[in-house]
Amino acid sequence: MADPPPYPGMPRWVKASGIVLGVLALLAVVLLHTGAGSHPHHTAADTPIVGSQR
Amino acid sequence: MTLTPRLRKFALATHVTFSVGWIGAVAGFVALAVAGLISQDAQMVRAAYLAMEVTTWTVIVPLAFVSLLSGVVSSLGTNWGLFRYYWVLVKLLITIFATIALLIHTQPIEFLAAAAAKPTAFSADLQSQQLHMLIASSAALVALIVLTVLSLYKPQGMTRYGWRKQHEGPAPALPWMQRT
């Protein structure tokens with residue numbers, strides 16, 4: 001019986017998706033640690049954002 | 001284990017229905033998250049977060065679980081298998097991740113709903129939670145759209161396990177499995 005053909009390897013779309021996902025995860029971790037994009041903390045005494053009707 | 005054609009169709013129909021429903025429900029959730037975050041109308045904000053809680057528990061969570069379960073049944077009941085093709089494996093991983101993330105986010109959803117139910121003003125302290133809810137639900141929507149695209153395009157590529165299985169024993173591809 002002939003040997004099965006060698007495994008062709010992981011397809012390119014899986015590798016590309018993995019890289020994109022890795023970069024996004026890294027970005028999320030960096031943003032979480034630097035606090036970038038988060039809002040400054042208000043105290044409860046601050047103006048409520050939805051306290052009034054339009 | 002291979003399902004009969006009738007059962008296979010039933011499993012696939014269930015999977016498609018619940019998966020598409022999941023996308024629609026999350027899209028509605030994103031709309032509520034936007035309304036809750038940007039609206040200046042206190043009643044609108046309260047209604048949005050209360051509706052988000054109800055939608056999560058009565059619609060999104062059941063849809064997610066049935067979608068996951070029916071997807072596993074559909075895969076295992078056909079020659080696609082669960083670990084043989086990358087697109088099926090990636091779909092499985094994304095669905096599991098999305099379901100776990102959903103369950104984790106039920107806590108902040110309940111927290112916001114509880115805050116919305118209180119008669120006091122909706123404090124600015126909650127703004128980061130509200131923003132987080134919008135980002136998380138938008139990410140979930142993108143992930144679910146990726147799942148749909150994967151299902152439709154079925155990109156090529158076998159896993160090493162699938163390759164070995166294919167060359168181990170006869171698992172002939174059925175006509176409906178052929179790429180068009």
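Tutor: Residues are numbered from 1 along each chain as its sequence is written, and chains are lettered from A, with ligands numbered from 1, in the order in which they are written. In this predicted model, local features need pLDDT of at least 70, side-chain atom pairs count only at pLDDT 80 or more, and totals for chains, interfaces and linings use all residues; side-chain values use heavy atoms, leaving out hydrogens and water.

Student: What pLDDT does chain B average?

Tutor: Chain B averages a pLDDT of 91, and 93% of its residues score at least 70. The term pLDDT denotes the predictor's confidence in each residue, from 0 to 100. The model also scores ipTM 0.75 and pTM 0.83.

Student: Why is Leu112(B) called buried?

Tutor: Buried means under 20% relative accessible area, exposed means over 50%, and partly exposed lies in between (1.4 Å probe, protein chains only). Leu112(B) has a relative accessible area of 0%, and is therefore buried. Leu112(B) is found in helix H3 of chain B; helices (H or I, at least four residues) and strands (E, at least two) are DSSP runs, numbered from the N terminus.

Student: Which residues does Leu112(B) touch, not counting those up to four places away in sequence?

Tutor: Contact means heavy atoms within 4.5 Å. Leu112(B) touches Tyr49(B), Phe122(B), Leu126(B), Gln129(B), Gln130(B) and Met133(B), with residues up to four places away in sequence not counted.

Student: What makes a group of residues a nonpolar core?

Tutor: A nonpolar core is a set of buried Ala, Val, Leu, Ile, Met, Phe, Trp, Tyr and Cys residues joined through side-chain atoms within 4.5 Å. The largest one here has 28 residues, and those with the most contacts inside it are Trp22(B), Val26(B), Tyr49(B), Ile60(B) and Phe122(B). At least two residues of this core come from each of helix H1 (5-38), helix H2 (42-76), helix H3 (86-117) and helix H4 (127-153) of chain B. H1(B) gives the most to this core, with 8 residues. Apart from it lies another core, of 13 residues, including Trp87(B) and Trp163(B).

Student: How do you know that Lys165(B) and Glu168(B) form a salt bridge?

Tutor: A salt bridge is a side-chain nitrogen of Lys or Arg within 4 Å of a carboxyl oxygen of Asp or Glu. The closest N and O atoms of Lys165(B) and Glu168(B) are 4.0 Å apart, and the pair forms a salt bridge. By this rule the count comes to 1 salt bridge over all chains. Because the two residues are 3 residues apart in helix H5 of chain B, Lys165(B) and Glu168(B) are separated by about one helical turn.

Student: What makes the phi of Lys154(B) worth a remark?

Tutor: The phi of Lys154(B) is near 45 degrees, a positive value in a residue other than glycine. Most residues other than glycine have a negative phi. Lys154(B) is found in the loop between H4 and helix H5 (160-168) of chain B. At 29% relative accessibility, Lys154(B) therefore counts as partly exposed.

Student: How many helices and strands has chain A?

Tutor: Chain A has 1 helix and 0 strands. Buried residues make up 7% of the 54 residues in chain A.
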